[in-house]
Amino acid sequence: MVAQYHAPCGRAVCQAASGRPMIGDKMLRRATERRPRRIVAQRRHLMSHRGPLESRRRLGKRNLTGAMHPHAHPVPSWHIEVLSNATTWQWHAPTTPAERRIKAREISIPNLWGKFLKWLEMSDADKPFILPPKDIDDYPTFSRTIEDFRINIASLAVNDTKTAQEICQKFCVTIQEGILIGQICTQEMLVALDPFDAASRAVISEMRIGGKIFALIRSSIAEALEATQISRPDGVGDDMWAAMFNFVAGINGRFHDVSCFNKLITIMPESAKANISDETLFTYIKTFVQSQGTRDHRNPAWPWCCSKIGASLNQLSEGQRLSLFSSMNQHIRNAPGSADTKMKLSFAWLLTQAYDECLSNKAFIEIYQRSTENRMDHSGYRIWQLAVARLYSTGTLSKEAHRQVAGWNFHDSLPQRWTLLAKTLLASEQPKAAVASLCNFLADVGETWHLIEGLMTSHAEVPCGELLHTIASASGKLDIDIALRIAANDTKEGLQLLSTHSSASEPEHFAQFMSYPKAESYAWRAIKAKGGTVESKMELIDFLSNNYHASSNLSTSQKMRRARRAASYQMALTGKVSPAVMRNLIGAVTLDLDQGRWGRETQLQRAIQLVHDQVSPQAAQEMQKQLEGWRCLIHSATTQVSAPSARPLPEPDNLDMPGLRRALEDDVADEERTERLNRFTWIC
């Protein structure tokens, strides 16, 4: 249908009458033909930040691929896909936020694909992926860059910290580009490391973000030097490397410079690294150790700093390491201050060396023993930190596992830390070798009981018998094996408490076990444990009783108490006392008589009563007579010595005890008892 056009309106007639150009039908027809007959909807641009409507729109455009079987022929639009085998579906409980975060960090195809889609949605679609490089002539001069930076910072308000950080980030990008294309020399780099004048510095100080800004600038320049070294090995001279390192090493080892120091040591070429003076290294490490000595070593940031510096030590040459170690050991040895201050400095340097990958376990054990010779006893928490450090430096703990074990768990108790370390080692690729490495290190430093006590305490709070059994089996250490099996009640029926796979005899085996710290405590725990046979426990009590009787470190009172304890436990187990325990008990209560003293009446009466109950009334009566005779001889000897001089009684050591013993033996020779009377072997 042809459009019909009407005559000009009155407005057009008035305009024509007033002398203006008149728009006629022909002109209007041409304008109408040039105009599109339908209005095309404007193109919808992609939004950078998706909202609920945008998310729903994008969700409708996505298709699930790979979920259904492909069709060889086209299907109608009303087709509904159904799985061919629906019996494989299983219900799973909803995951927790922590489980979803762990799953999101896993390296898998779905995670990588989801991250790629998210990156595409959040990026600007109208911009190219790779920006074209600028021309060298387009880069501003360094002086102009510094001047603009200072003016922009000085013009900010005190509360505008976000803008200040954005300005600093742009400045760092400009400096990085200048280093990459070789437009910045060494002197300009030093100026860029501290780019503020008085006005801009005052603004940054009032904002209290100076530490972040300086750390950002230093890390950015270090990254630019690394990128330039990779792309153009001759693009960064040794003088620029030395200037950068000396600047970072002169910051007194504050927290945010530890990472930059480690990065520089790692990325510096060997020629530049060899030019580092020993004095510069010593000054930086000494200042770092001193700053660590003023902080709490339980803070997770504390071992993190030591790990960074320790990882830097293995990048040094052998000569630099020897010079640094010698100077630091002398500084720690001669450090002024109290014993607590010296302890903190010594442990800070010791933990730093523990993270050195070039140090073998044998070399580190020698360093540890030298530190303990100076009465530097370390607590259980410090032993745990040293163990974690050595496991990480030897490669037993991965970087992720080390971060999990020594991470931000400030409120965890020490038993929880030992348990987490044990579980992490068992989850590694070689669990038995990892556990054996931990136990070997603790055995070398003589601190295995820290691990034992930690796991036992944790087991008492939250039962973990399977964990204790696994650690005991993989430890390869006698004390750890016995103690953890006792704690887990793994002494099954018929299993000896001191069983071993070695060819040593039982007395040798027991002597080896008693040489460990707190072995006596573990032995009594074994006796009180639910598992194990009565015969094995009676035998263990006999071993303990013989060990107490032969010990030269126990006093007479201590021997009496331990002998009485052994007899009490045997009475509780079987109602009887073994001959060995009986002999040792009588020997303990007659020690005073051996030394020429009168003896302890209560202890002697208890021993006589025990002989009466366990052996016979006749044996107890005979023992009573012999003890009375022994006392009469002692009384007669002391009276004869004291009568002529009318002086106080002499000390027991001055008495002729061998003569008294011979006289007593002559009196009982007719009864054919040839052994010493204080042993009473005839009772047994």
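Of the 684 residues in the chain, 39% are buried, and the model described here is a predicted one. The chain contains 34 helices and 0 strands. When contacts between residues at least 6 apart in sequence are considered, 68% of them join residues that are at least 24 apart.

**The nonpolar core**

- The largest nonpolar core has 153 residues, and the members that touch the most other members are Ile221, Met244 and Leu421.
- Helix 19, which spans residues 380–393, gives the most to this core, contributing 8 residues.
- Once the neighbours within four places in sequence are left aside, Leu421 is in contact with Trp384, Val388, Leu391, Leu397, Val405 and Leu438.

**The packing of helix 7 and helix 10**

- Helix 7 (residues 161–180) packs with helix 10 (residues 210–231) at an angle of about 25°, and their axes lie 9 Å apart.
- Because angles under 35 degrees count as roughly parallel, helix 7 and helix 10 are described as roughly parallel to each other.
- The crossing that helix 7 and helix 10 make is right-handed.
- On the side of helix 7, the residues that meet helix 10 include Gln165, Cys168, Phe171, Cys172 and Ile175, while those of helix 10 that meet helix 7 include Lys212, Ile213, Leu216, Ile221 and Glu223.

Definitions and conventions:
Residues numbered from 1 in each chain as written. Predicted model: local features only at pLDDT ≥ 70, side-chain atom pairs only at ≥ 80, totals over all residues. Heavy atoms only, no water. Axes fitted to C-alpha atoms, helices over the stretch in contact; angles between N-to-C directions. Helix = DSSP H or I, 4+ residues; strand = E, 2+ residues; numbered from the N terminus. Parallel < 35°, antiparallel > 145°, perpendicular 65-115°, else oblique. Left-handed = near helix turned anticlockwise from the far one by under 90°. Contact = heavy atoms within 4.5 Å. Core = buried A, V, L, I, M, F, W, Y, C linked by side-chain atoms within 4.5 Å. Buried < 20%, exposed > 50% of the residue type's maximum accessible area, 1.4 Å probe, protein only.
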